[in-house]
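Please look over the sequence and the structure before reading on.

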Amino acid sequence: MKVSKEQMAENRERILDAAAQLFREKGFDGIGVADLMKSAGLTHGGFYGHFASKDELMAQASARALHRLQTAWAAIAREAADQGQDPLAAIEAAYLSPRHRDAPGQGCLLAALGGDAARQGPAVRHAVTEGVRAQLEGLATLVPGRTKAAKRQRALADYANLVGAMVLARAVDDEELSNEILNATAASLRLPEPVPR
């Protein structure tokens, strides 16, 4: 039975959504194509009608997850601004929450797969690079700073702190310590901008 172009596009979206979630939950090597396709409600044989390789899927799923995080951060920032709240603080609070920590399949790709991504091929690394650039551009519009360079430096530091804190909070098996990591990082991000020397 021939599948329509619309159905093919819908199937591709289902595969990408399933892959973006499952890779963050299980790692790039933690799930095979057959299980991934099953999770998307499709047969294994249909995979190569959509992607040339698992590497291609990993790159596209990574790009999708990073884009969705960027979109989520923009929505959080808009909602906070509309309510007269600090958009950056709202993003940080959402990111450094137990809810985010406890749902890696729905959260930040870098906190879930940063170490894995560093060991992947050029397509995955490029997707991650472009996603990080986009995140940094968005953060740089929200962080304090007197110059564009100072804002970029602060955005880089804040982003690294967010991701690093989430990695540590997920790695430990002590919930109290995990919460302490999240809370200490949130407090450190609210420190004033350093005075230029």
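The model is predicted. Helix α3 covers residues 54-82, and α3 also gives the most to the lining of the largest pocket, with seven residues.

**Helix α3**
- The 29 residues of α3, at 1.5 Å a residue, should span 42 Å, and the C-alpha atoms at its ends are 42 Å apart, so the two values agree.
- Buried residues of α3 include Leu57, Met58, Ala61, Leu66, Leu69 and Trp73.
- Among the elements that cover the buried residues of α3 are α1 (5-26), α2 (33-39), α6 (109-117), α7 (122-140) and α8 (148-171).
- After α3 comes Gly84, which has a positive phi, near 75°.

**The largest pocket**
- The largest pocket holds about 510 Å³ of space.
- Its lining consists of 22 residues, and those nearest the centre are Leu69, Ala72, His100, Gln106 and Gly107.
- At least two lining residues come from each of α1, α3, α4 and α5.
- Sorted by class, the lining comprises 11 nonpolar, six polar and five charged residues.

**Ser97**
- Ser97 is found in the loop that lies between α4 (87-95) and α5 (98-101).
- With a relative accessible area of 15%, Ser97 falls under the 20% cut-off and therefore counts as buried.
- Leaving aside residues up to four places away in sequence, Ser97 touches Met166 and Leu182.

Terms used. Residues are numbered from 1 along each chain as its sequence is written. This is a predicted model: local features need pLDDT of at least 70, side-chain atom pairs count only at pLDDT 80 or more; totals for chains, interfaces and linings use all residues. Side-chain values use heavy atoms; hydrogens and water are left out. Helices (H or I, at least four residues) and strands (E, at least two) are DSSP runs, numbered from the N terminus. Buried means under 20% relative accessible area, exposed over 50%, partly exposed in between (1.4 Å probe, protein chains only). Contact means heavy atoms within 4.5 Å. The expected span of a helix is 1.5 Å times one less than its number of residues. On a 1 Å grid over the protein atoms alone, a cavity is a set of points where a 1.4 Å probe fits but cannot get out, and a pocket is an open set with protein on both sides within 12 Å along at least five of seven lines; lining residues have an atom within 4 Å of a point. Grid points are joined across faces, edges and corners, and a volume is the space filled by probe spheres set on the points. Ala, Val, Leu, Ile, Met, Phe, Trp, Tyr, Cys and Pro count as nonpolar, Asp, Glu, Lys and Arg as charged, and the others, Gly among them, as polar.
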